[in-house]
Amino acid sequence: MNEVNNNNNSNSGPVLNATGVVKSYGARKALDAVDITIQPGEFVVLLGPNGAGKTTLFQLLTGLFTPDAGEIHIGGIDIRNNPVPALAGIGVVFQQPTLDLDLSVTDNLRFHASLHGLNRTEARLRIDEELGKLKLTDRFNDRARTLSGGQRRRIELARALLHRPQFLIMDEPTVGLDPSSRRDLLSYVLQLKQERQMAILWASHLVDEAEQADRVIILHKGQILTAGEPEKLVQQTGSNNLHDAFVSITKEN
Ligand code: ATP
């Protein structure tokens, strides 16, 4: 059986290197010459208001669309020329829910595991492990439909981790979650960074979710306005906090 063991490979270069990425819908430029580099183990928040281009960027990173111009390398692999190995290196939690609600939790996960070439035994072990860590072992055989929104998100996160990617991307993952589920999800992701040295790209329009980031990238109207550690952005703009810094950076453009 062809098995993917672990995508935490020894590549020590950036997990993501996107350069000059352009994507238009008709006359509207959703992304305009975007450059992003993410290093192993970095927690990066892509912060942008509605319509900034966050989802469009995720659609390009996951190979759903191809950019009109520019290049995207994941773990050093060009996604345009080698999409299968490039995509094997990322775990994805989309903004819109993507579980099959009529399947059990475990069947949803098993399907993903088989897409990634895991054999049944390995899949079972990893499903047990990820659900255990996310405190969902008791929901194993339940239909996804019977879970709360927060629990479904955690299943989607468990699924994204099954093939052991070194890079996790999450598009507005807290949409629709209550404050405590939102906090729990963010702290779990910070734990992944600490314990597994994963790199994470987390898109949001909520400034408080960016406060613990290693780096914040501010995307507005398809362009990166600035990027840096949260405290640096606050200092640069002479603001009192990250929220005011974000408002100040985006209102000038
Ligand atoms: P939100 O926070 O509201 O999800 P976003 O930052 O994810 O926004 P995108 O959804 O990427 O932003 O949209 C960027 C721009 O591209 C917007 O102007 C949007 O209207 C446009 N756009 C996105 N998808 C399409 C599409 N399929 N067809 C036409 N225009 C689109």
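Here is a friendly set of questions and answers about the predicted model above.

Residues are numbered from 1 along each chain as its sequence is written. In this predicted model, local features need pLDDT of at least 70 and side-chain atom pairs count only at pLDDT 80 or more, while totals for chains, interfaces and linings use all residues; side-chain values use heavy atoms, leaving out hydrogens and water.

Me: In what order do the six strands of the open sheet stand?
Reply: Strands (E, at least two residues) and helices (H or I, at least four) are DSSP runs, numbered from the N terminus. Two strands pair if DSSP finds at least two bridges between them. The pairing in this open sheet is mixed, and the order is E6-E7-E8-E3-E9-E10.

Me: Which strands are the edge strands?
Reply: Look for strands that pair on one side only. These are strand E6 (90-93) and strand E10 (223-228).

Me: Which residue of E8 is the bridge partner of Asp171?
Reply: E7 and E8 pair in the parallel sense over five bridges. In E8, Asp171 has as its bridge partner Ala203.

Me: Are the residues of E7 buried or exposed?
Reply: Buried means under 20% relative accessible area, exposed over 50%, and partly exposed in between (1.4 Å probe, protein chains only). Phe167, Ile169 and Asp171 point one way from E7, with Leu168 and Met170 pointing the other way. Of the five residues in E7, five are buried.

Me: What is the handedness of the crossover from E7 to E8?
Reply: The chain leaves E7, passes through H6 and reaches E8. With the strands pointing away from the viewer, a right-handed path from the first strand over the helix to the second runs clockwise. This β-α-β crossover is right-handed.

Me: Which strands does helix H6 touch?
Reply: Contact means heavy atoms within 4.5 Å. Helix H6 (residues 179-196) packs on the sheet, and the strands it touches are E3, E7 and E8.

Note on methods. Axes fitted to C-alpha atoms, helices over the stretch in contact; angles between N-to-C directions.
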